Amino acid sequence: MAEQSWIDILKLSKKTALIHDGKRKIHYLFTDGKEMAEEYDLNTDELIVRKWRHKSTLGAQSQWQVEVGEPLAGPVTSLDSDVIKENCANPVFMRKDTKIAFQWRIRNLPYPKEVFSVFVEPSERCIIIKTSNKKYYKKFSIPDMDRYQLPLDSSALSFTHTNNTLIVSYKKPKDILTLEQELQKELKKLKGTGEGDINCKTQ
Amino acid sequence: MATTKVPEVRDITRIERIGAHSHIRGLGLDDALEPRQVSQGMVGQLASRRAAGVILEMIKDGHIAGRAVLIAGQPGTGKTAIAMGIAQSLGPDTPFTALAGSEIFSLEMSKTEALSQAFRKAIGVRIKEETEIIEGEVVEIQIDRPATGTGAKVGKLTLKTTEMETIYDLGNKMIDSLSKEKVQAGDVITIDKATGKITKLGRSFTRARDYDAMGAQTQFVQCPEGELQKRKEVVHTVSLHEIDVINSRTQGFLALFSGDTGEIKSEVREQINAKVCEWREEGKAEIIPGVLFIDEVHMLDMECFSFLNRALESDLSPVLIMATNRGITRIRGTNYQSPHGIPIDLLDRLLIIATSPYTEKETRQILKIRLCGFYFRCEEEDVELSEEAHTVLTRIGMETSLRYAIQLISTAGLVCRKRKGTEVQVEDIKRVYSLFLDEARSSQYMKEYQDSFLFNETQMAQMDTS
């Protein structure tokens, strides 16, 4: 039932597809005003980018929030911006999925592997990365699992550390895999136009 | 050898200049709204302060919209001071917008647009919004000033929680506000990521044993847990005008090309009014009618007055306070005479508070307050005013004007310091009194010597024809 609802939301949304740069780009506009944009690799069908945007309570358009893919460099925020931002030497957190697993990469973590502990917190539906030297801590959820309301399983979780990068993987459960394949089929049916302005294709 | 001049780096907190009304901290009323003779920088004007107190209560209740008050009185009788007192007593959460009557005449927007913007700036909406904040204990602040003294400062801030540590790059504005808040290592702070607002929560418990001189009011707090960046729901007050601006901006990359000028479409305003009413009914937001203060209101013209008439009837209307020093005079934009230069139909809607000239005793007290204020701010505590000089100054204040006497305080202080005196004497006052003319003496001078001034004849001719 709950699985259905996310699919329904997807089906009800207004979708626009576009093939550009070897990527299939899809833009979803949901009924509640939220927007989602996805980019898939044309050859491998791998998800490269998924980002969200919504309007704030006061009506201002917010920045794109990246769920999957490289974090956006802010639009024109120059180096000498007036406020505060993280130093470039800080760890960079990003998600980059493979076909069979959700995967997160945290770069700039020059500590040995023993320092890290990664575990699932089922009550809060999130994964926690901790460091014994108290340098890095991150609590994050898997939005895909939340959308389908699937429970988190600690046996699916694993992590490695190479080249100053911590890679955390969570194997996709069967349900997700089948649903993603279905979605792929649907998306391929969407007529992807070339460049330029395109008519919005609604299902 | 070229020597580069290093400009003196001054502490920002100290640059507080003395304005005409910077000594006013409130209306100086007790709990029963009875005015105290001298309190919170206010002196005398008991009846009008009491009246203002009643208005203040009305504003604080917030149930009444669209009331208007006129403060009328001779020049230099504390009209603006009363309005400032109201603003101060309302506190920072109630919007208070002040403008002078001539400010609305601009080529960029119409008079009524300027007035409606001012009206909407004076209405606050308290609403919950989710914002991203950074909360942590300061490990280290490092600020590098360029050796030449000019150019951008660069700064780094290291924050930690019990679990993690992050280094942030600081922009210029951030560096300024950090030094303004006197943030130092060991403080627990929150930073609103969008606006850059810094709030000091207290000092970390781990620093409680530091050998350090601390005020009695220093609070100790735990070092925050978990991640540094959090999303938090905060309640804040925005004005209707700010919501208008957010929603009327061109979206997308076009926003780069359209400057933020001027007029807001009435459709946008209507949409927002509807939205705000909806929020209020759902309990999401609360409307806080604030105060719009228009000084020198006789500068408005007939169109503005009829606009005010209509605007006051709207249910989203702030309390309007106006001040004027005119008697019966011409209404701008017409040939009619009217009291205070305001049409009778608008006057009829107003509650009028009158201010009266200060007595000698009150003048004396105001001069004393201003004097303390002046020397305190200038950190010249050893300079004082002798009793006789004070009396002379009071007499000058009574005979010329209060403003002139206040001007003399600072100039006499300077003269006294130049002769290395510690107390301002009557001679100092006499000296500056002879150096600077007051309005009456200046007019007198004009009358005596007008023949020798430029353009004298043409002006006289004009006066004859009119």
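Two residues are in contact when heavy atoms of theirs lie within 4.5 Å. Keep that in mind for the first stop, and remember that this is a predicted model.

**Stop 1**

Select Ile127(A). Which residues does Ile127(A) touch, leaving aside its neighbours within four places in sequence? Its contacts are Trp104(A), Val118(A), Phe119(A), Val120(A), Lys138(A), Lys139(A), Phe140(A), Ile142(A), Leu157(A) and Tyr170(A). In soluble globular proteins, nonpolar side chains tend to be buried together.

**Stop 2**

Most residues other than glycine have a negative phi. Lys134(A) is not a glycine, yet its phi is positive, at about 60 degrees.

**Stop 3**

Move to Glu296(B), which sits in the loop between strand S13 (291–295) and helix H7 (302–311) of chain B. Its phi is positive too, near 50 degrees, in a residue other than glycine. With 32% relative accessibility, Glu296(B) is partly exposed.

**Stop 2: an open sheet**

Return to chain A and show strands S1 to S5. These five strands form an open sheet in the order S1-S2-S3-S4-S5, with antiparallel pairing. Find S1 (14–20) and S5 (65–68) at the edges: each has a single partner strand, so one side of each has no neighbour in the sheet. On average, neighbouring strands here are turned by 20 degrees against each other, direction ignored. Zoom in on S1(A) and S2 (residues 23–29), which are joined by seven bridges. Where Ile19(A) pairs with S2(A), its bridge partner is Arg24(A).

**Stop 5**

Finally, select helix H1 (residues 46–61) of chain B. At 1.5 Å a residue, its 16 residues should span 22 Å, and its end C-alpha atoms are 23 Å apart, which agrees. Colour the buried residues of H1(B), including Ser48(B), Ala52(B), Ile55(B), Leu56(B) and Ile59(B). An α-helix has 3.6 residues a turn, so residues three or four places apart point the same way.

Note on methods: Residues numbered from 1 in each chain as written. Chains lettered and ligands numbered in written order. Predicted model: local features only at pLDDT ≥ 70, side-chain atom pairs only at ≥ 80, totals over all residues. Heavy atoms only, no water. Pairing = 2+ DSSP bridges. Helix = DSSP H or I, 4+ residues; strand = E, 2+ residues; numbered from the N terminus. Axes fitted to C-alpha atoms, helices over the stretch in contact; angles between N-to-C directions. Expected span 1.5 Å × (residues − 1). Buried < 20%, exposed > 50% of the residue type's maximum accessible area, 1.4 Å probe, protein only.
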